[in-house]
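Here are some notes to go with the model, meant for someone opening it for the first time. Have it on screen while you read.

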Amino acid sequence: MTTSVLEKSLSYDNLIASLRLIDDDFMCKEVESMNYEVLKKQVGYYKESEGGKREMCEIWQKIRNEGRMEGYVEGEKYGEIKGYAEGEMNKTIEFIKKLTTKNGCTIDDAMELLDIPMVERPKYIHKILS
């Protein structure tokens with residue numbers, strides 16, 4: 001059985017109309033204004049019944065706690081990476097200071113010996129001189 005172009009077009013138009021109704025349902029402030037009964041029933045439960053309100057509060061609390069935990073984990077990872085990078089920089093600065101004091105190198109010579117890229121050198125100079 002084949003479907004004609006007209007039937008496909010009508011089917012597509014019906015799908016678009018249905019999606020618009022669902023979208024409208026998600027934007028409704030009042031449950032009674034919703035189009036789809038299944039959605040109206042579920043939303044009504046969460047918005048209007050005491051059990052639903054309590055359950056929705058618990059759901060939001062869980063979402064908030066999960067978000068906090070994700071933020072904490074991301075922050076911890078960022079802190080570790082930043083701390084490691086700062087530790088490496090401090091170690092390199094110590095090498096630069098030793099080369100300048102014990103070997104009589106200039107800061108530029110020391111950074112050259114340590115193969116510090118040119119773009120990173122101003123950071124080191126600023127940190128050494130501050």
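**Notes on the helices and the core**

1. Let's begin with Asp115, which is exposed because its relative accessible area is 65% (buried means under 20%, exposed over 50%, partly exposed in between, with a 1.4 Å probe and protein chains only). You'll find Asp115 in the loop between α4 and α5. Its phi is near 55°, a positive value in a residue other than glycine.

2. A word on where this comes from. The model is predicted, so local features need pLDDT of at least 70 and side-chain atom pairs count only at pLDDT 80 or more, while totals for chains, interfaces and linings use all residues. Residues are numbered from 1 along each chain as its sequence is written, and side-chain values use heavy atoms, with hydrogens and water left out.

3. Which residues make up the largest nonpolar core? Met89, Ile93, Ile96, Leu99, Cys105, Ala110, Met111, Ile116, Tyr124 and Ile128 do, 10 residues in all. Such a core is a set of buried Ala, Val, Leu, Ile, Met, Phe, Trp, Tyr and Cys residues joined through side-chain atoms within 4.5 Å. At least two residues of this core come from each of α3, α4 (107-113) and α5 (121-129), and α3 gives the largest share, 4 residues. Helices here are DSSP runs (H or I, at least four residues), numbered from the N terminus. As background, nonpolar side chains tend to be buried together in soluble globular proteins.

4. Next, how α3 meets α5. Their axes are 11 Å apart and the packing angle is about 70°, so the two helices are roughly perpendicular to each other. The axes are lines fitted to C-alpha atoms, over the stretch in contact for helices, and angles run from 0 to 180 degrees between N-to-C directions. Under 35 degrees counts as roughly parallel, over 145 as roughly antiparallel, 65 to 115 as roughly perpendicular and the rest as oblique. On the α3 side the contact uses Glu86, Met89, Asn90, Thr92, Ile93 and Ile96, and on the α5 side Lys123, Tyr124, Lys127 and Ile128; contact means heavy atoms within 4.5 Å. By class, these residues are 5 nonpolar, 2 polar and 3 charged. For the classes, Ala, Val, Leu, Ile, Met, Phe, Trp, Tyr, Cys and Pro count as nonpolar, Asp, Glu, Lys and Arg as charged, and the others, Gly among them, as polar.

5. Leaving aside neighbours within four places in sequence, Ile93 is in contact with Tyr124, Lys127 and Ile128. Thr92, also placed in helix α3, touches Leu114, Ile116 and Tyr124, again not counting residues up to four places away in sequence. Is Thr92 buried or exposed? Its relative accessibility is 18%, so Thr92 counts as buried.

6. Now go to the other pair of helices, α2 (residues 37-48) and α3 (residues 50-102). These pack at about 85° with axes 5 Å apart, and are therefore roughly perpendicular to each other. From α2, Tyr45, Tyr46, Lys47 and Glu48 meet Glu50, Gly51, Gly52, Lys53, Glu55, Met56 and Ile59 of α3. The contact has 4 nonpolar, 2 polar and 5 charged residues.

7. How many aromatic pairs turn up in a search of the whole structure? There is 1, formed by Tyr45 and Tyr46: it is edge-to-face, with 5.1 Å centre to centre and 70° between the planes. Rings of Phe, Tyr and Trp (its six-membered ring) pair if their centres lie within 6.5 Å; planes under 30 degrees apart count as stacked, over 60 as edge-to-face and the rest as tilted. Tyr45 is partly exposed, with a relative accessible area of 33%, and Tyr46 counts as partly exposed at 22%.

8. Lys77 of helix α3 counts as exposed at 53% relative accessibility; its C-alpha atom and that of Thr106, 29 residues apart along the chain, are separated by 36 Å.
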